[in-house]
Amino acid sequence: MKKSIVFWTIAVIITIASAIFQRVTGPTYQLSGSVMFEGKKIDYKLDRSHSSSSNYKIEIKTGDTQIKGVVKWRKNYREREPFIDVEMKSGQVLTAEIPAQAPLEKIQYMVELHKDSSSVTIPADKPVIVRFKGDVPLWVLIPHIFAMFFAMMLSTRTALESADNLKKIEKLAYWTVVFLFIGGFLLGFMMNHFAFGQMWGGFPIGNDITDNKTLIAFIGWVLAYYMIKKKALPKLFAILAAILMIIVYSIPHSV
């Protein structure tokens with residue numbers, strides 16, 4: 001098998017693994033679990049990110065019409081506002097809705113189940129935090145995701161190539177910078193505009209971690225490309241930029 005095929009395969013595997021890790025470790029990934037109540041296991045799945053265009057709906061399947069539920073939620077939880085109680089509609093599946101909030105707003109909630117004199121709280125350890133965002137058109141979302149992870153793949157591929165053939169890494173580094181710029185900035189600005197009403201929330205305007213980590217990765221690869229083009233320790237800078245990229249992509253999205 002040709003080395004180029006092996007290198008591309010490794011780059012794809014690392015990129016897919018990074019995408020999965022970033023997704024499942026992020027603060028907006030769906031929270032799932034189960035509790036034991038009245039001798040019965042009750043599973044739950046709770047979203048931690050929701051569109052501002054509709055109310056946030058909560059569903060808990062109990063299979064027991066005798067179990068009642070109350071959702072306790074509040075805005076501005078950092079200021080310790082009192083919880084608002086919302087009775088859940090009874091049935092095999094308990095349901096309730098929390099009013100839609102503006103993009104970037106967060107709410108905190110928990111569900112209390114009751115039957116006779118027994119009760120249990122979902123989740124058991126701490127309330128769920130839900131972040132609201134605007135709807136992002138697919139024509140922006142899909143190219144953004146593709147560009148960001150294609151940049152990750154090219155970054156890894158550049159580092160692997162530097163260990164074997166220095167002649168190709170300048171071109172690979174160039175396209176890494178191009179796709180990172182397109183995905184992280186051109187399409188990233190549009191993503192932020194639709195989702196949060198602002199095009200950029202990182203340095204020097206704010207401290208948004210997602211925007212800042214994109215900026216750090218981009219600066220790292222621009223520097224690496226410059227050093228590769230100047231033939232100044234090209235292998236070292238290609239590897240360092242790729243490692244930086246992996247570290248950046250390991251930080252959960254939407255922290």
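A residue is called buried if its relative accessible area is under 20%, exposed if over 50%, and partly exposed in between, using a 1.4 Å probe and protein chains only. By that scale Lys 231 is exposed, with a relative accessible area of 59%, and its place is in the loop between helix 4 and helix 5. Lys 231 also has a positive phi of about 60°, although it is not a glycine.

The structure is a predicted model, in which local features need pLDDT of at least 70 and side-chain atom pairs count only at pLDDT 80 or more, while totals for chains, interfaces and linings use all residues. Residues are numbered from 1 along each chain as its sequence is written, and side-chain values use heavy atoms, with hydrogens and water left out.

The secondary structure of the protein comes to 5 helices and 10 strands, where helices (H or I, at least four residues) and strands (E, at least two) are DSSP runs numbered from the N terminus. The radius of gyration, taken over C-alpha atoms, is compared with a globule rule of 2.2 Å times the number of residues to the power 0.38. For this protein the radius is 23 Å, well over the 18 Å that the rule gives for 255 residues, so the protein is more spread out than a compact globule. Along the principal axes, its C-alpha atoms fill a box of roughly 75 × 40 × 30 Å, and buried residues make up 42% of the 255 residues.

A nonpolar core is a set of buried Ala, Val, Leu, Ile, Met, Phe, Trp, Tyr and Cys residues joined through side-chain atoms within 4.5 Å. The largest such core has 29 residues, and those with the most contacts inside it include Ala 151, Trp 221 and Tyr 249. Helix 2 (138–162), helix 3, helix 4 and helix 5 (234–250) each supply at least two residues of this core. A second, separate core of 24 residues includes Val 35, Phe 37, Ile 58 and Ile 122.

Rings of Phe, Tyr and Trp (its six-membered ring) pair if their centres lie within 6.5 Å, and planes under 30 degrees apart count as stacked, over 60 as edge-to-face and the rest as tilted. A search of the whole structure finds 14 aromatic pairs. In one of them, Phe 185 and Trp 200 are stacked, at 5.7 Å centre to centre and with 25° between the planes. Phe 185 lies in helix 3 (residues 169–196) and Trp 200 in the loop between helix 3 and helix 4 (209–229), so the pair ties together parts that are 15 residues apart in sequence. Both Phe 185 and Trp 200 are buried.

His 50, placed in strand 3 (residues 49–51), is buried at a relative accessible area of 17%. Its contacts (heavy atoms within 4.5 Å) include Asn 55, Tyr 56 and Phe 132, when residues up to four places away in sequence are not counted. The side chain of His 50 reaches the backbone oxygen of Asn 55 at 2.9 Å.

The peptide bond from Ile 122 to Pro 123 is cis, with omega near -15°, and Pro 123 is found in the loop between strand 9 (118–122) and strand 10 (128–133). A cis peptide bond also joins Phe 203 and Pro 204, with omega about 0°, and Pro 204 lies in the loop between helix 3 and helix 4.

How values were computed. Polar contact = N/O pair within 3.5 Å; in protein donor to acceptor, adjacent residues only side chain to side chain.
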